[in-house]
Amino acid sequence: MAKPSFLCLSLCFLVLLHCCVARRQGSQPPERRYQQKQEGECQIQRLNAQEPRRRIQAEAGVTEVWDYNDDQFQCAGVAAFRTIIEPKGLLLPAYTNAPTLVYIAQGRGITGVLVPGCPETFQSSQQSQEGRRKRGSHRFRDQHQKIRHFREGDIIALPAGVAHWSYNDGDQDVITVKIEDTGNNQNQLDNNPRQFFLAGNPQEGQRQERELYGRRRGEQHNAGNVFSGFDTEVLAEAFGVDIETARKLQGEDDRRGHIIRVDRDLQVIRPSTSREEQEEQERRREYGWRDNGIEETICTARLIENINDPSRADIFNPRAGRLTTVNAFNLPILNYLRLSAEKGLLYRNALMAPLWKINAHSVLYATRGEAQVQIVDQRGEAVFNDRIREGQMVVVPQNFVVAKQAGDEGFEWVGFKTNENAMFSTLAGRTSVIRGMPVDVLANAYGISQGEARRLKMGREEAVILEPSSRSQGIKMVA
């Protein structure tokens, strides 16, 4: 009897162990893909502040593309774009092969993110529909998925393969800057950025993308949207429409590009901005910033977070500037995308302490002013030592040490990071690694006296953003 009991107990233990291991593995976030990275891809000898290399013109706006084949973008596994949408401009629905973060640098508008399987929760009031039924009216009443408002300073998170569109309902251009994380595990294709349009005929954009990325291994490029490759009869049957409507889906005669102009204001069902903001504030007061798995489902998940509000700063020095971060803790969808972002502001001549990102690449985009930036690699060599100005972008590879000093007009930037909870470590300041070392270790390591080691260790009381000294204010920025 003892042997069967022992065998039964052993089997139960093995099943329990297997379940625990499976649960642990299932709870781990997917790692970034590196199997397609070639050896030496991050052996960067020199970084440069980059501006967009190509312009994709459309009827009501333009998209500018940074050179994805540049070494620094290849190292980080990202592609970068800047899009300008004119008033009443509609960015046609499309999806990409990689998760995306969008920063709204200017303007306001609305966007629709079409999550598969989610209900059409924006619809006309029940009372209005009942009234129309009583009057015998059978007029079509539209309903659709959730519409989200966006404004300057917002970060918008877009999962890979999820279609979305945007519309400028303001009176000034909307300017967006976005990165697509092609090195992310959600992208199972190669590391080329791909945009799949559901409408229009962006021939010019496709042609310029061919010039920028080239054809690889006989790859064929389609000049139209995804419908243009299907037979019209198949589309007509699938949608239950006539052949002429099916042809219009394919957009063969459409020359407006990927951003079109709406003749009248776009007619969609949406709450007012003030009402939407009030509901968002009430939800935050009720749930705080915690993600308990109840208040958010994939259909109602928050996709937008504003990082321009000074009251939201995570690090603040009244004499030097501030730093605001959006990550998986305050925007839980980033747990799935494995991305995060930061918005920084340095006052005149203020410094960002030398630091390195522990677990992420960082893509730095200058939104205002200019700064002297230095980036140092593992050999102790400066791979970047130059100014970065408004509209330029530079990649700071993981573990490379970077320091910034603002110019006379100050400096603002947004940083896109390839980890949902990116961490950094500083070399100077109250929370730095130098501050954490014993004085005698510093004295012996650098060959200095105990007094010099104490001054080195305690010379700065600020944490990350440093007030300029009289000496630093006199330093001339490198031309």
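1. A search of the whole structure, which is a predicted model, finds 4 aromatic pairs, where rings of Phe, Tyr and Trp (its six-membered ring) pair if their centres lie within 6.5 Å, and where planes under 30 degrees apart count as stacked, over 60 as edge-to-face and the rest as tilted. In one of these pairs the ring centres of Tyr-95 and Phe-196 are 4.9 Å apart and the planes stand at 5°, so the pair is stacked. This pair links distant parts of the chain, since Tyr-95 belongs to strand E4 (residues 89–96) and Phe-196 to strand E13 (residues 195–197), 101 residues apart. Helices (H or I, at least four residues) and strands (E, at least two) are DSSP runs, numbered from the N terminus.

2. Tyr-95 is partly exposed, with a relative accessible area of 25%, and Phe-196 is partly exposed at 27%; buried means under 20% relative accessible area, exposed over 50%, and partly exposed in between (1.4 Å probe, protein chains only). The rings of Phe-411 and Trp-413 have their centres 5.5 Å apart and their planes at 15°, so this pair is also stacked, and here both Phe-411 and Trp-413 are buried.

3. Another ring is involved with a charge: the charged end of Lys-178 sits over the ring of Phe-81, 5.2 Å from its centre. The criterion is that NZ of Lys or CZ of Arg is within 6 Å of the ring centre and within 35 degrees of the ring normal.

4. As the model is predicted, local features need pLDDT of at least 70 and side-chain atom pairs count only at pLDDT 80 or more, whereas totals for chains, interfaces and linings use all residues.

5. For the chain as a whole, there are 11 helices and 25 strands, and of its 479 residues 46% count as buried. Among the contacts in the chain with a separation of 6 or more, 77% are accounted for by residues 24 or more positions apart, contact meaning heavy atoms within 4.5 Å.

6. An open sheet is formed by 7 strands in the order E1-E2-E3-E12-E5-E10-E15, with antiparallel pairing; two strands pair if DSSP finds at least two bridges between them. Its edge strands are E1 (54–58) and E15 (304–306), each of which pairs on one side only, and the twist averages 20° from one strand to the next. Within this order, strand E5 (residues 100–106) and strand E10 (residues 154–158) run antiparallel and are joined by 4 bridges, with Tyr-103 standing opposite Ile-155 in E10.

7. Which way do the residues of strand E9 point? Ile-147 and His-149 point one way from E9, Arg-148 and Phe-150 point the other way, and all are buried. In a regular strand the side chains alternate between the two faces of the sheet. Ile-147 is found in strand E9 (residues 147–150) and has a relative accessible area of 2%, while its C-alpha atom is separated by 8.5 Å from that of Pro-271, 124 residues apart along the chain. Strand E9 pairs with strand E6 (residues 109–114) in the antiparallel sense over 4 bridges, and Ile-110 stands opposite His-149 in E9.

8. The axes of helix H5 (residues 232–239) and helix H6 (residues 243–250) come within 8 Å and cross at roughly 110°; axes are lines fitted to C-alpha atoms, for helices over the stretch in contact, and angles run from 0 to 180 degrees between N-to-C directions. H5 and H6 are therefore roughly perpendicular to each other, given that angles under 35 degrees count as roughly parallel, over 145 as roughly antiparallel, 65 to 115 as roughly perpendicular and the rest as oblique. The contact involves Thr-232, Glu-233, Leu-235, Ala-236 and Phe-239 of H5, together with Ile-243, Ala-246, Arg-247, Leu-249 and Gln-250 of H6.

9. Thr-324 lies in strand E17 (residues 321–326) and counts as buried at 1% relative accessibility. Leaving aside neighbours within four places in sequence, the contacts of Thr-324 include Ile-307, Asp-314 and Lys-343. Ala-320, found in the loop between strand E16 (315–317) and E17, counts as buried at 0% relative accessibility. With the neighbours within four places again left aside, Ala-320 is in contact with residues including Leu-345, Tyr-347 and Ile-465.

Definitions and conventions:
Residues numbered from 1 in each chain as written. Heavy atoms only, no water.
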